[in-house]
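Morning, everyone. I'd like to walk through some side-chain contacts. Please have the viewer open.

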Amino acid sequence: MTDSAAAPDADDARRRAGAFDRPPLILFRSGFRAFFLLAGLQGAFAMALWTLWLSAPAGGALGAAADPVGWHAHEMLFGYTVAAAAGFLLTAVPNWTGTAAAKSWTIVLLATLWLAGRVGMWLAGIIPAWLTAALDLAFLPTLIAVLATALLPVRNRRNHVFLLLLSVWWLCSLLDHVAFMGLEPSGTYARRLAVDVAAIMMIIVGGRIVPSFTRNWLKARGRTDSVRVDTGLERVSILLAFLVMILHALGAWDWMVGLVALLAGVSVLWRLGRWSGFSTLSEPILFILHVGYGWIGFAFLLEAASLLADWVPYTTAWHAMTAGAVGTLTLAVMTRAALGHAGRPIVAAPLTIAAYVLVNMAALVRVFGPLIKPEGYTSLVVAAGWLWALAFICYLIVYVPLFLRPRADGKPG
């Protein structure tokens, strides 16, 4: 091929790439833009729809869903949480491996598959169950394949665990669809394992970034507060969280699960206590990471209290891990990572701080409200739902403009 023949092709490729430098296609320039936006939209509007259904079930805000309760659980675990994880991993893995970020067309494909899953779940009461499952189950294997091309060739294998966890997550989603089809008595089993996967991911990622960011922040301010990282304790906390998941999978006795959950909670909170979290109170975008990590340990302790002594209902522990840990820590990571990768100062805007407060209020109301006032269960769940949705509306107001603008420092991404 001659140079003159090749030149138009090269120019055309540059023009196609350049299209992703302008709104709205700039959303697909990097994983955090597309998936942190999708997670925010899911966090706000899927929760709002669920809350509307609870407020007026006869109106059927989720009338198209075959099982509104199952829909809510599935969409928070495999819609919201998976989107947040995808945005983080698509952005972090290239940094971990020194490889190129996923191409824009790859992110377009991934976002399309994720959205197709949400449409399938919305129409679950109308379209065949197998079609809902097919639409929803296509995303995670594609994400795994994309991440594997970067992770597997690298000698540092500690990040391969994310491929395993994502695979288990996909299996949990498959089992949940099997439950929707009536082939298993309940989807609770699959969703419980999915929560375990989320907990393990949070322990691993949080254990890396929270002490690192804290140490750097303290050092930049000339502070001498100690941030102690114990590799042995890190491994113990991860191992215990894996063991909780395995015991859940095997249907082990409650006392066995409760005992391991107790040890997991203690190990997580012990680690957290060594990171000088209260020294960061003046920096909300950093302190919220400590709060989110604290929810993980607290949720494990509540699970132990439920299984060992029946002090609280099991759903209390469940929502401490989901509404509390997942909600707070994912919001904390998304708000911080988005600023950093957009080349902007890592400072929480007032509405971002409001989002932090609201998501924690939602978790507290959801976890403790029914314990304090059992007769007001539905109204408390509705209140928690609106607080959660409002938190993510605040997040979207601040971050949608950021996702639609080029990096402030002129770098690609």
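This is a predicted model: local features need pLDDT of at least 70, side-chain atom pairs count only at pLDDT 80 or more; totals for chains, interfaces and linings use all residues.

Y80 and F392 form an edge-to-face aromatic pair, with 5.3 Å centre to centre and 75° between the planes. Y80 sits in helix 3 and F392 in helix 14, residues 377-403, so this pair ties together parts 312 residues apart in sequence.

Now the next pair. The ring centres of F298 and F368 are 5.9 Å apart and the planes are at 40°, so this pair is tilted. F298 belongs to helix 11, residues 284-309, and F368 to helix 13, residues 350-372, so the pair ties together parts 70 residues apart in sequence.

Next, charges over rings. The charged end of R118 sits over the ring of W114, 5.1 Å from its centre. R336 lies over the face of F213, at 4.1 Å from the ring centre.

Last stop, T97. T97 is found in helix 3, residues 68-97. Its relative accessibility is 16%, so T97 counts as buried, the cut-off being under 20%. What does its side chain reach? A polar atom of the T97 side chain lies 2.8 Å from the backbone oxygen of V93. The T97 side chain also makes a polar contact with the side chain of T99, at 2.6 Å. Leaving out residues up to four places away in sequence, T97 touches A150, L151 and V154.

How values were computed:
Residues are numbered from 1 along each chain as its sequence is written. Side-chain values use heavy atoms; hydrogens and water are left out. Helices (H or I, at least four residues) and strands (E, at least two) are DSSP runs, numbered from the N terminus. Buried means under 20% relative accessible area, exposed over 50%, partly exposed in between (1.4 Å probe, protein chains only). A polar contact is a pair of N or O atoms within 3.5 Å; within protein, one must be able to donate a hydrogen and the other to accept it, and residues adjacent in sequence count only if both atoms are side-chain atoms. Contact means heavy atoms within 4.5 Å. Rings of Phe, Tyr and Trp (its six-membered ring) pair if their centres lie within 6.5 Å; planes under 30 degrees apart count as stacked, over 60 as edge-to-face and the rest as tilted. A charge sits over a ring if NZ of Lys or CZ of Arg is within 6 Å of the ring centre and within 35 degrees of the ring normal.
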